[in-house]
Amino acid sequence: MSDGTAVSCRGGRPPSLTKKQSIVKRKTFLPAALLILLSAVALFYWSPARKGHLMPTSGEFTSLWWRAGFPGIIEEAPWHQCLETGTYGLIFDSEEIAFPHFGALEGGATLESLPPSDLRLSLEVDGKTYHCTKGGEWSKFTGPRIIDSGRFFQRADVTDLVFAADDKSQLNVEARFEIAAWHDRLSLILAARPGETSLATDRKAFGKAGGGFGLDGANRFEIPEEATAGLSALTLSFDAFVPPDFKAGAHSPWLLCKSGNELADGNLGITLDSSGVPTARLNPGGGRENAVALTAASRHPLNFNEWNHLVLSYDGRHFRFHVNGKLEGEEKFGTARPLVASPIAFGQRQDSFGDGYPFRGIVDEIRLYNRIVEPAAIENGSAGNPTSEWAFDPDGPSHKTRPRDPWNTGIASVSLQQGEVELSHSIPISGNSEWSRVALPLDPVHFAKISEAPTIAVEATEFATGGVREVAYDEALGWHRVNLDGVAPIPPTGTEGAGHDALERIRLTLSNPGGETETARLMFEKTARGIHQRIGTPITGISAILRDSRGNPTGIPVQLSKNWHHHPAAGAYSGQWFHGISQITLPPDTITELELTIAYGHWGGVPAASHAQLSLIGWGSNQRWDQSALGAWGESVCYEPDQIQGKATITDVRPLMVLPMNGREEWSWTGNVGGGDFFRLFDSGGNRKPHASMQATYHRHGPCLTEVTYAGRISSGLPHSTTVSIGRTDDIVRATYRIRLDVEEAFPFSRFVIFQVGADTYNMTHEAKFSVGNEDGLLREWKTTPGGDRYQAEPLRVPGAIPWISMHDGSPVVTTEPKGAWANRGIVIRSWKARLGGVDAAPWVAEYGVGMRRGDSSLVDLVPPPSVTSLEPGDYVEATIEHVIIPQSKEDYLGPNTDLIEALASHANTWKMIEREAIGNSRLIDMKKGALVHRYPDIRVKTSRSRAHFILEGGIGFIPVTFTHLKHPDRSTLFVNGKALDQSVHGNDFWQTDYDPESMTWARTYNIPTPENAPLEIELR
């Protein structure tokens, strides 16, 4: 037990930690000889296990991707989702809910070579059996979705399943099918509950109090003109039941509309956008110049499938809009504007133009007052009698939420058959609105059902309070769920409050008393109510590190998956949550003590780097979206490898530690200067060839360095990959991209972009000036020409050892000025090798003007030489590119880096800031011991017998340095200029450890501050 990592426990369950500690204390009172004897016995029973026993093997991985690219945007691509692990694989048809290929990956087998398996999902309801016939169509919130995706665990589902009987009748059901995969086990899960009843129309609908009035898109309820005649002021109050499918026509619907349309004199009404956000409209006087629109300030002011109270009030000078008791907007007029008497239509635009702009839902309790009345007074009955009111059926049915069909008895079943072997599981279904969840856990390699839980036990306690955390085993998902809601953050010694340096620390005790090796599968969970780190936007920058009992990072990876989006229409998994997922191999008869450390803003006093998979459930699209962050104050760089929403890989990009976009609180979301892409290729006819079969491989999640590879293909003969990284630092965002494309088949093109900032289809900022230079200084500067969707001039060859491009004098593309700071962008080419058109090729740069709905802007494209119009077999591109985000002034920057502040004081908003980055961050390395692997994004050194020694000249900010091929995770110390580097705030909390299962060695990453113009002697020993 010398390092507290793993010890043997023979003969039963290990004692608790408290009991072991008490044994050690009592030993001090024993005679010396007896003490020696007991010590020898203890060494026999509790001998340390090798730390390598805990680490993942090379086969412990999972990968999830779309076989031919995402079918929602790629024509003719099948709805085939591929899952591959180190032991088995499958292809899942999310449209047919079938496995055309399934089985063990043995003897060189490929996914396509695997045999089919017969999947059956069944629901027996009140004596009648229904089988799943297809999955739901992909839409903003429905169809196939990704929940958790990373190195160890994949979880995806398909919503809106269709169930039909042999007689073709369909069951009214809400159902989804879920696949949950580890490297050696798979769970097939069906969740179902009775479907919601259809909404009746007219006076047959249920209401809030008695019956209501149902609107189906083809009808309306209208208040006659006489009701508003002679009123000098009014308050219109009503309740609306709004289903997720409230849109009943081609346009955003009118919930209610008075006087024709929004440009008519006397118009008053409410429209809903596609997300259900309401806008109150008023037009006292007619025409566009008099139209007033008050869009609700809340993101989701309406509750779907529930009743909502809406109130419009107007007295000639003051227009107000309340939703569910909250003031969502108001407008004041300098002179009185009289009311106009006219009919009020509920459910359509009043003039019935086009398709009528229809609304689907129910209205009830409509009241009209001849004065201003507060919503609270209406709700509590103190407002007195209205001038007019409309209730529909006092004896009709009333429901608070949408009712569901009644089910009395039934069975839910999942079965999978391969050859003569069938695996299945069934459960009785619930007859109420609760989900019935049937799971079939199985071993895909041996095609056997898993019915026994592992023998391991998991205990978790807080360092700060000693409180025991709830741990529950989930048989369906195969993990121990460790609840981390409300863990008390621990500030550094001598400080108070949950600041940037506070950590959450949880002691883990994992025991395997059995005689066989077991895998502890762990899910560390936080829900929306469980994040108590009240600085910035903490969920955006979570890092989770497993350390040993002495605080040394172990190198056991923790997969980071999370969500912060919520929409009622999204259903299950919508909302804010964090899942830290890991697995640990436990040898027989052992107990292992570890610490889970969660960092938010800082790791070792410096903004931490993190890279996580971000679920989009509740936002829309619902496919892979990754988010990297420096600190925990918003996103830094986002990636969407399937290019579904922005049609580009790099989406949102935000500067570090500048005044946030709301212009108020520090440590919050900063302005979005996003957009960028790799390998954008157009055929001879000008048609873009999409990225397909994109897989994500998560090498490093942080907190000192991130490293993730996105690999796929273009067409059939152009495989490509991009490895993205950011490093822990305190000055600026530097995203490093190591890119590679190989040409296996000839491809004539009309346009080929190797790399661009921003992107053709996504660019949030416009720079007025571009500059190009290298290590010798500026080569050219020019004013940009935005718009046109074309190249604005001939491309320019960029010579030299350190080509760079500055994009400065930037401003938002949208017309409204930001309240916070803005930022400039730039590119530094750190390495470049290319063969294009059969000959070696240097980088060329060109300005490309784009016009988008939000406004015109210009991009920087790295392109082939102008003479190259076709890619030939044997061609390739291999480059390392830095994507740099620079504050525009020293006043904007909130961070502590004095070198950056001084540089901004002299060169803010000019090309000299990118030149400084290009030349100043050039790293000259003189190796004394070890072998240099690469210089960017980190200085990576292969150690010699776990030792390394080199001299570094150059560098800006904190330089990531990684030492690989270490024989142990905890026996090295880094010396800088002869002094041991110690950036710890809580103890050993400043470096990162990673494990390489192929070589069975460890790597350590440090971030070394590098004062400009001062060489550093760096030695690991």
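Tutor: A residue is called buried when its relative accessible area is under 20%, exposed when that area is over 50%, and partly exposed in between, with a 1.4 Å probe and protein chains only. The structure above is a predicted model, in which local features need pLDDT of at least 70 and side-chain atom pairs count only at pLDDT 80 or more, while totals for chains, interfaces and linings use all residues. Residues are numbered from 1 along each chain as its sequence is written, and side-chain values use heavy atoms, with hydrogens and water left out.

Student: Why is Ile146 called buried?

Tutor: Ile146 has a relative accessible area of 4%. That value lies under the 20% limit, so Ile146 is buried. Ile146 belongs to strand 8 (residues 144–149), where a strand is a DSSP run of E with at least two residues, numbered from the N terminus.

Student: What is in contact with Ile146, leaving aside its neighbours within four places in sequence?

Tutor: A contact requires heavy atoms within 4.5 Å. By that rule Ile146 is in contact with several residues, including Leu64, Gln81, Arg155, Ala156 and Ile617. Ile146 and Asp157, eleven residues apart in sequence, lie 6.6 Å apart, C-alpha to C-alpha.

Student: Which peptide bonds are cis?

Tutor: One joins Gly702 and Pro703, with omega about 10°; Pro703 is in the loop between strand 48 (691–701) and strand 49 (706–714). Another joins Tyr936 and Pro937, with omega about 5°; Pro937 is in the loop between strand 65 (931–934) and strand 66 (939–942).

Student: What makes a group of residues a nonpolar core, and which residues touch the most other members of the largest one?

Tutor: A nonpolar core is a set of buried Ala, Val, Leu, Ile, Met, Phe, Trp, Tyr and Cys residues joined through side-chain atoms within 4.5 Å. The largest has 72 residues, and Phe679, Tyr737, Phe755, Leu836 and Leu871 touch the most other members. Strand 58 (residues 823–836) gives the most to this core, with seven residues. A second, separate core of 59 residues includes Val558, Trp669, Ile959 and Tyr995. As for Tyr737, the residues in contact with it beyond four places in sequence include Val637, Tyr639, Phe678 and Phe755.

Student: Why is one space called a cavity and another a pocket?

Tutor: On a 1 Å grid over the protein atoms alone, a cavity is a set of points where a 1.4 Å probe fits but cannot get out, whereas a pocket is an open set with protein on both sides within 12 Å along at least five of seven lines; lining residues have an atom within 4 Å of a point. Grid points are joined across faces, edges and corners, and a volume is the space filled by probe spheres set on the points. By this rule there are twelve cavities of 30 Å³ or more. The largest cavity holds about 210 Å³. Its lining has 20 residues, those closest to its centre being Ala544, Pro557, Val558, Gly702 and Asp994.

Student: How much space lies in the largest pocket, and which residues are closest to its centre?

Tutor: The largest pocket has about 1300 Å³ of space. It is lined by 44 residues, of which Glu174, Glu196, Pro244, Asn305 and Ala569 are closest to its centre. Strand 11 gives the largest share of the lining, four residues. The second largest pocket has about 870 Å³; Trp619, Trp625, Asp652, Arg654 and Tyr762 are the closest to its centre among 23 lining residues.

Student: How do you know which parts to read with caution?

Tutor: The guide is pLDDT, the predictor's confidence in each residue, from 0 to 100. The protein averages 92, and 94% of the residues score at least 70. Over residues 1–49, however, pLDDT stays under 50. Where pLDDT is low, the predicted coordinates should not be read in detail.
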